[in-house]
Amino acid sequence: MNQLITFHLPSSVSVTVKRDDLIHPFVSGNKFRKLKYNLLEAKKENKQTLLTFGGAFSNHIAAVAYAAKENGLQSIGIIRGDELRDKIIQNPTLQFAQDCGMQLEFITREAYRDKNELTFIASLQKQFGDFYLVPEGGTNDLAIKGCEEILTNEDAAFDYICCAVGTGGTISGLINSALPHQKVLGFPALKGDFLQDEIRIFVQNQNWELITDYHFGGYGKVNEVLIAFINEFFKETKIPLDPIYTGKLFFGVMNMIENNYFPPQSKIMLIHTGGLQGIQGMNNKLRNKHLPIIDSHV
């Protein structure tokens, strides 16, 4: 579903939101896209268990847990931070995953850095037996294939395709499927420029750019300016945004429009990649810091 918005926009440009957050109530947005072909492959290989990785408020962990349950599979989540082991009940994301039947295994942040090492994967196989491995964030070749389906024929008229960037899977799919006249802009939620190399593994086209000015201090970092924007945007458009990914993406695009980045008459599409389950956990953190919370009715 594509939704045209106005939201303080000059008449010289138009902005449309692709509401991928509405695909599925629990496996929404890019998580649905990334898991689609991985689930089919897991079944093809007769795997009974999905194993993946994620942090305390990971959209990916929540999505894998529900998708596994919905498809009659077991799931294991390797969670970054062993200090979270006794705090599941305080964490809406981990509680949801556990309620879906996911087995949570908490490891130290040091050990988590080895998640891609073959010796570490082998140790997990020894501990848990046979499983289908889904990478952190879900990004692999099959995930890219799913994300290539985000854009459809009706999106051909757009000049710019904008999305949030975490592990690089979603933007890689968009780059591969965008038309020659379209430019794909990615807005990383993390600090640093290392994602360029990650994305180049999956793409050949040169029709893209990373906009690195809107991470608000890094992954999971927010401030009152961002929260105020998310709340105002929801009040005017009824489109909820999460503070980790889509909130920063939408803030960045609106700021760039104000600063005349886009040529007159540009048609801009923003991809809403979901991630709304994390709002509750973020609001708990904001309350503890006596800061304004996100009013999204999610």
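Modeller: Let's start with Arg 80, which sits opposite Ile 107 in E5. By the way, this is a predicted model, where local features need pLDDT of at least 70 and side-chain atom pairs count only at pLDDT 80 or more, while totals for chains, interfaces and linings use all residues. Residues are numbered from 1 along each chain as its sequence is written, and side-chain values use heavy atoms, with hydrogens and water left out.

Colleague: How do E4 and E5 pair, and over how many bridges?
Modeller: Strand E4, residues 74-80, pairs with E5 in the parallel sense, over five bridges. Strands here are DSSP runs of E with at least two residues, helices are runs of H or I with at least four, and both are numbered from the N terminus. Two strands pair if DSSP finds at least two bridges between them.

Colleague: What order do the strands have in that open sheet?
Modeller: The order is E5-E4-E3-E6, four strands with parallel pairing. Strand E5 (103-107) and strand E6 (132-133) are the edge strands, as each pairs on one side only.

Colleague: And what holds strands of a sheet together?
Modeller: Backbone hydrogen bonds, in either a parallel or an antiparallel arrangement.

Colleague: What about E1, which residues are on its covered face?
Modeller: Gln 3 and Ile 5 are on the covered face of strand E1 (residues 2-5), while Asn 2 and Leu 4 are on the uncovered one. In a regular strand, side chains alternate between the two faces of the sheet.

Colleague: Which residue in E2 stands opposite Ile 5?
Modeller: Val 15 does. E1 and strand E2 (residues 14-18) pair in the antiparallel sense, over four bridges.

Colleague: Let's switch to E7. How many of its residues are buried?
Modeller: Six of the six, so E7 is largely enclosed by the rest of the structure. Buried means under 20% relative accessible area, exposed means over 50%, and partly exposed is in between, using a 1.4 Å probe and protein chains only.

Colleague: Which strand does E7 pair with?
Modeller: Strand E8 (residues 183-188), running parallel to E7 and joined to it by six bridges. Tyr 160 stands opposite Lys 183 in E8.

Colleague: How many residues of H7 are buried?
Modeller: Seven of the nine in helix H7 (residues 169-177), so to speak mostly covered. Among them are Gly 169, Ile 171 and Leu 174.

Colleague: New topic: how many salt bridges does the structure hold?
Modeller: Ten. A salt bridge here is a side-chain nitrogen of Lys or Arg within 4 Å of a carboxyl oxygen of Asp or Glu. One of them is Asp 21 with Arg 19, whose closest N and O atoms are 2.9 Å apart. Asp 21 is buried at 8% relative accessible area, and Arg 19 also counts as buried, at 9%.

Colleague: What does Glu 149 pair up with?
Modeller: Lys 36, in a salt bridge of 2.9 Å, N to O. Glu 149 is in the loop between helix H6 (141-147) and strand E7 (160-165) and Lys 36 is in helix H1 (residues 29-44), so the pair ties together parts 113 residues apart in sequence.

Colleague: Which residues share partners in a network?
Modeller: Take Glu 136 and Lys 115 to begin with, whose side chains meet in a salt bridge at 3.4 Å, N to O. Glu 136 is in the loop between E6 and H6, and Lys 115 is in the loop between helix H4 (109-112) and helix H5 (118-128), 21 residues apart. Salt bridges with shared partners join Arg 80, Lys 115 and Glu 136 into one network.

Colleague: Is Lys 115 buried or exposed?
Modeller: Lys 115 is buried, with a relative accessible area of 14%. Glu 136 is partly exposed, at 26%.
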